[in-house]
Amino acid sequence: MEAADNVLLKTVLIHNKKNCLVTLFSTHICWGLMSCGADAIGQYLEPFYYQRHESVPIQEIIAITPEKIQHAQEKKQNASLGIELISLETRSFCLHVVKRVGGHRWRVRKVIFDCPDGQACGDWIDAVQSRLNSKEYGRPKHLLTFINPFGGKRKAVKIYEEKIEPLFYLAGIASEVIVTERANHAHDYILEEDLRHYDGIICVGGDGMFAELLNGLLRRTQQDAGIHDANQETKLVNPRLKLGVIPGGSTDAVVYTTCGINDPVTSALHIIIGETVGVDVCSIHQENQILRYCVSMLAYGYFGDVLIDSEKHRWMGPKRYDWSGFKRWCKKFVYEAEISYLECPDTRHHPRDGSRCFAGCEICNSIQHSEGESLYSDDKWQTFQGRFISFQSITMPCRCDLSPNGVSPSQHLSNGYTDLIIAKECSQVDFLRHMWRVKSKTTDQFDFDFVEVHRVKAFKFRPILEDGEDEENDDSNGRQRLRTRQLRASSWNCDGEVLTEGFIDVKVHHQLIKLFARNIEDERQLKTDFCETSCYSCSARR
Ligand SMILES: Nc1ncnc2c1ncn2[C@@H]1O[C@H](COP(=O)(O)OP(=O)(O)OP(=O)(O)O)[C@@H](O)[C@H]1O
């Protein structure tokens with residue numbers, strides 16, 4: 001099963017009032033009822049586990065703490081003396097480990113072991129703690145935390161104080177907390193202050209708040225490295241600091257997509273265990289300047305207008321998106337643009353390939369990009385010109401409550417491409433059918449003749465706004481009729497923030513940032529706590 005030299009500690013301890021064999025390996029800890037047999041010539045064999053035993057990867061241990069339990073002998077002594085003596089020697093320890101409770105939700109489970117004496121207990125605590133401190137797990141020790149008190153249902157401060165702070169304390173994470181006082185407070189702080197002693201920056205807020213962290217950190221990193229990020233051809237530098245989000249917003253698409261659920265405790269546990277996932281980032285340029293960085297959705301037309309309208313109804317909380325979406329749908333506006341794009345050369349990868357991005361995704365890990373080559377001299381650019389209701393560029397699957405599979409279900413976190421989704425001019429009923437399918441878990445939202453999808457490395461968007469003249473069908477006398485275009489300008493919905501510039505150039509940067517999250521686990525592969533050495537958690541690390 002395991003190489004003997006991987007065993008760091010092996011002892012018989014008491015767990016749930018039964019003798020258990022507990023073994024600490026370099027990668028995980030196992031415990032279970034044991035059996036001591038004898039071989040053919042009557043010599044005793046090493047104790048071994050019965051078939052079913054439990055195993056937890058070191059990565060999934062949140063903390064190990066001494067446990068103050070009065071042992072039977074002490075209780076007896078105290079009873080006979082009629083007074084309560086508290087033993088100075090702790091003989092029990094508690095492992096706080098990740099427990100999966102379904103639907104990607106994580107909780108903390110306590111597992112208590114009683115040792116024969118204080119010395120053995122101390123040895124166990126030291127041995128496990130030294131594994132937890134090992135650099136290979138990359139656990140954060142110092143975090144900078146921004147809390148947006150006005151995001152979502154305005155509960156971010158309460159969420160942090162009641163649910164997150166105690167967990168960080170348990171895991172030995174020191175967190176400097178800043179409650180933001182205005183929009184862009186976090187962005188400006190990251191640009192200007194000394195960040196050297198942090199391992200990561202996190203926020204309690206929504207996608208807009210995360211976008212502040214992302215933009216602040218990427219700009220700061222390029223600035224410190226002397227990189228001119230306005231130039232689209234520049235190879236950007238990866239930040240040293242990792243980012244994390246604890247959901248406290250309205251949509252929480254980033255956290256939903258990377259953890260599978262918008263649950264604050266689950267996100268805090270993803271951060272504590274220190275596992276990270278690389279995430280692609282789009283840089284958005286106009287002429288010789290960089291406008292923003294974006295990780296999830298960049299949308300023009302319907303979703304741009306919905307965002308602008310929803311800002312007027314912030315008091316409604318997350319429901320504002322439904323209300324504004326309904327209002328915009330009733331009005332049906334059509335837009336026109338010329339969109340040039342550089343499609344993914346590998347035809348196996350496209351927005352309808354049926355793949356899913358899970359933890360340890362093979363597609364994300366295997367795709368190679370030839371960095372440094374100029375995209376703009378490439379002659380493989382293609383062009384779409386026409387009318388549409390909605391244009392979206394989706395760089396991660398963008399899952400949320402309203403769309404459990406995501407706006408682009410086969411998109412990946414770090415394949416180096418963004419998915420273009422163009423819902424061309426169609427009837428309101430057809431557009432509604434398309435949007436309805438985005439909410440569904442089973443139907444293909446792209447299976448309409450008015451929806452066009454492409455997986456691209458870069459694109460250029462040029463809105464067409466001038467009133468012009470369109471040819472219409474010939475009338476009964478064979479003459480062509482002309483009509484004046486009524487074209488609207490929209491704004492961009494950039495990760496939930498408004499961007500008013502119309503024409504833009506966008507380029508995807510492969511795995512530019514690291515996010516504290518494991519990525520969604522494929523629950524079909526996961527077994528329960530009982531492990532016969534083949535559970536996902538263990539096998540992924542062997
Ligand atoms: N103290 C503050 N006062 C006003 N606005 C703030 C403050 N702190 C941050 N903001 C801004 O609030 C905006 C929205 O925040 P956030 O993303 O956390 O919530 P949300 O919009 O409800 O959620 P989502 O983006 O997931 O839909 C962000 O753009 C952020 O810049």
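This is a predicted model: local features need pLDDT of at least 70, side-chain atom pairs count only at pLDDT 80 or more; totals for chains, interfaces and linings use all residues.
Colleague: At what angle do α3 and α7 pack?

Modeller: Helices here are DSSP runs (H or I, at least four residues), numbered from the N terminus, and axes are lines fitted to C-alpha atoms over the stretch in contact, with angles from 0 to 180 degrees between N-to-C directions. Helix α3 (residues 156-170) and helix α7 (residues 264-272) pack at about 30°, with axes 10 Å apart. Angles under 35 degrees count as roughly parallel, and α3 and α7 are therefore roughly parallel to each other.

Colleague: Which residues make the contact?

Modeller: With contact meaning C-beta atoms, placed from the backbone, within 7 Å, α3 contributes Ile159, Lys163, Ile164 and Leu167, and α7 contributes Pro264, Val265, Ala268 and Ile272. By class, seven are nonpolar, none is polar and one is charged.

Colleague: Which residues come nearest the ligand?

Modeller: Being near a molecule means having the C-beta atom, placed from the backbone, within 6 Å of it; of the 23 residues around the ligand, Gly151, Gly205, Gly206, Gly208 and Gly249 come nearest. The shell has four nonpolar, 13 polar and six charged residues, Gly being counted as polar, and its largest share, four residues, comes from helix α5 (residues 207-224).

Colleague: Where does UniProt place the DAGKc domain?

Modeller: The unreviewed UniProt entry places it at residues 138-288, although such annotations may be inferred rather than shown by experiment.

Definitions and conventions: Residues are numbered from 1 along each chain as its sequence is written. Helices (H or I, at least four residues) and strands (E, at least two) are DSSP runs, numbered from the N terminus. Angles under 35 degrees count as roughly parallel, over 145 as roughly antiparallel, 65 to 115 as roughly perpendicular and the rest as oblique. Two residues are in contact if their C-beta atoms, placed from the backbone, lie within 7 Å.
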